[in-house]
Amino acid sequence: MPVAALNDATAICTEYDWGCALKADGTVWTWGHNMFAQLGDGTTDDRPKPARISGISDVIAIATDSSTGYAVKADGTVWTWGSNAVVPHVGVGPDIYNFKPRKIEGLSRVAALSVRSDVLFAMRSDGTVWAWGNERTWGPGDNGYWQFGIGELVGILRSPVPVPGLTDVVELLQEEYTAYALRSDGSVWVWGQHGFGTWNTWALGETETQSGHRPWNGASAETSPAPSQSVPTRVEGLTEVKALATMWVYDREEQHHEGVSVFALRADGTVSAWGRNDYGQLGDGTLEDRWNPVDVVGLDQAIALVAVYQSVYALKKDGTVWAWGENRRGRLGDGTSIDRNTPVQVQGLTNVRSIHPYRGKNGGLLAIKGDGTLWTCGSLADIGLASAEPTPSDRASRVDAVANVTRVLADGPAYLLANGTPPVRVAQQSNPREGCFIATAIYGDYDAPAVMTLRRFRDESLASSAAGRAFTRFYYRISPRLAGRFERDSILSRLGKRLLDIVVVKLEAARAPNPGDRG
């Protein structure tokens with residue numbers, strides 16, 4: 001559906017229930033739910049259509065968290081609006097909500113922001129990185145996550161401080177409680193949580209053990225890995241890196257997200273990877289987790305890389321696309337639904353100009369060909385643009401609803417620009433009456449058996465009474481923001497899963513026929 005108000009948009013950020021767009025004229029526009037004043041319009045009223053935020057202009061970059069917006073202005077200052085409860089920014093006052101954009105003190109010459117799990121990093125024009133926010137410190141004793149990278153655990157850091165030892169940074173990514181910085185010399189630096197072990201199992205009341213470590217930061221040796229990196233540490237064996245990609249991995253056995261996989265695209269077109277490898281997503285021909293980088297087998301001449309859910313895609317110089325990892329719903333586009341631990345060519349994708357992740361309901365790839373046509377791997381229904389006729393879901397398919405596509409502005413939901421016409425939204429949020437936000441975030445799949453049990457209870461039991469329907473309406477009012485927390489926080493996800501597992505077992509037991517009953 002075209003969104004005329006977003007003409008000339010240059011960037012779009014989307015959360016569970018609201019969105020934020022930056023336009024070419026430096027103005028910022030928001031829409032969606034507004035319970036936490038995240039629309040920045042001075043109210044808490046929801047708004048279905050985009051409208052400009054007054055009082056802020058000359059913006060060059062935007063970022064969002066579940067209920068907070070951020071903007072970088074041309075003068076290098078950073079402004080924020082929305083929730084101020086979890087991350088009480090210095091200079092913006094003690095209010096729980098910032099109804100209008102307010103300047104964050106202590107920052108200058110900022111070029112870009114990275115926001116994840118209440119930890120924020122500002123990349124300055126001089127290549128240095130500054131940190132602030134709410135650092136998670138769950139765990140026994142001094143065991144924490146060290147996300148700020150400043151060498152000490154401080155909990156809430158209201159005033160931005162420089163991350164020591166980092167200069168000439170050109171890219172910074174965060175995945176769960178770990179940060180990755182790419183420097184202009186092609187080296188990669190990492191800090192924060194190292195893997196799963198004592199500090200995490202303690203929070204769940206389990207026996208303390210180091211055997212639970214699951215790797216992903218690449219900065220330690222194979223044996224006796226340290227639980228966290230308190231300051232930036234170089235990933236050994238990686239040189240001439242020009243781009244990074246990360247994914248938070250869904251554990252099939254535990255049925256929740258646990259651990260990370262990391263990918264580095266090198267200047268020579270090869271790709272190195274490390275971390276979790278449950279689905280073969282490291283591409284090294286095995287299913288073994290790796291503490292240190294390994295090369296993706298048989299891949300060269302790559303110029304772009306996309307990691308989405310447990311699948312990885314590489315665009316090569318010749319315009320072909322290669323994929324590996326999880327192949328659920330045919331996401332790899334190789335004509336099968338078999339997971340791959342080495343790259344396979346995506347069928348039907350040639351003359352591809354650019355590739356983009358789609359992180360909607362089931363995830364996958366969006367590819368723009370040289371002729372401006374849009375293609376996707378997986379079911380067209382997953383991106384909200386399915387044609388009336390059935391379409392194959394195990395290979396790349398053309399999205400007939402749009403043409404002359406020039407750019408993808410967001411990765412979930414996604415917006416397309418086509419020759420200056422209004423952006424087309426191709427990925428719809430789940431219908432509030434259909435999406436179990438929190439359960440889907442915890443179990444990682446809207447169609448997971450446990451989620452289907454909860455949906456059935458909602459539709460068959462809660463919907464049958466006025467009180468149940470009122471509860472459901474209230475739940476869908478607050479659950480998108482909470483789902484974002486569960487999706488970003490592995491400890492909350494695991495605790496939530498334990499509670500939901502108990503509820504699901506009771507619901508299934510209540511549905512089971514009495515052995516004494518006759519059918």
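## Burial and the overall fold

A residue is called buried when its relative accessible area is under 20%, exposed when this value is over 50%, and partly exposed in between, with a 1.4 Å probe and only protein chains taken into account. The model is a predicted one, in which local features need pLDDT of at least 70 and side-chain atom pairs count only at pLDDT 80 or more, while totals for chains, interfaces and linings use all residues. Residues are numbered from 1 along each chain as its sequence is written, and side-chain values use heavy atoms, with hydrogens and water left out.

The chain has 519 residues, of which 57% count as buried. Its secondary structure consists of five helices and 31 strands, where helices (H or I, at least four residues) and strands (E, at least two) are DSSP runs numbered from the N terminus. If a contact is taken as heavy atoms within 4.5 Å, then among the contacts in the chain with a separation of 6 or more, 51% come from residues 24 or more positions apart. The accessible surface, computed by the Shrake-Rupley method with a 1.4 Å probe and, for residues, with only the protein chains shown as cover, comes to about 20700 Å² for the chain, and 52% of it belongs to carbon and sulfur atoms.

## An aromatic cluster

Rings of Phe, Tyr and Trp (its six-membered ring) form a pair if their centres lie within 6.5 Å, and the planes count as stacked when under 30 degrees apart, as edge-to-face when over 60, and as tilted for the rest. By this rule there are three aromatic pairs. One of them joins Phe36 and Tyr97 edge-to-face, at 6.1 Å centre to centre and with 80° between the planes. Phe36 lies in the loop between strand 3 (28–32) and strand 4 (47–52), whereas Tyr97 belongs to strand 8 (residues 97–104), so this pair ties together parts that are 61 residues apart in sequence.

Tyr97 also forms an edge-to-face pair with Phe99, at 6.0 Å centre to centre and with 85° between the planes. Phe36, Tyr97 and Phe99 make up one aromatic cluster.

## Charges over rings

A charge sits over a ring if NZ of Lys or CZ of Arg is within 6 Å of the ring centre and within 35 degrees of the ring normal. The charged end of Lys23 meets this rule over the ring of Trp29, at 4.3 Å from its centre. Lys369 likewise lies over the face of Trp375, at 3.9 Å from the ring centre.

Glu15, placed in the loop between strand 1 (9–14) and strand 2 (18–23), is buried with a relative accessible area of 10%, and a polar contact of 2.8 Å joins its side chain to that of Thr64. Arg116, in strand 9 (residues 110–116), is buried at 16%, and its side chain has a polar contact of 3.2 Å with the side chain of Glu175.

A disulfide is a pair of cysteine sulfur atoms within 2.5 Å, and a search of the whole structure finds zero of them. For Cys13, the nearest cysteine sulfur is that of Cys20, 6.0 Å away. Cys13 is buried at 18% relative accessibility, and Cys20 is buried at 0%.

How values were computed:
Polar contact = N/O pair within 3.5 Å; in protein donor to acceptor, adjacent residues only side chain to side chain.
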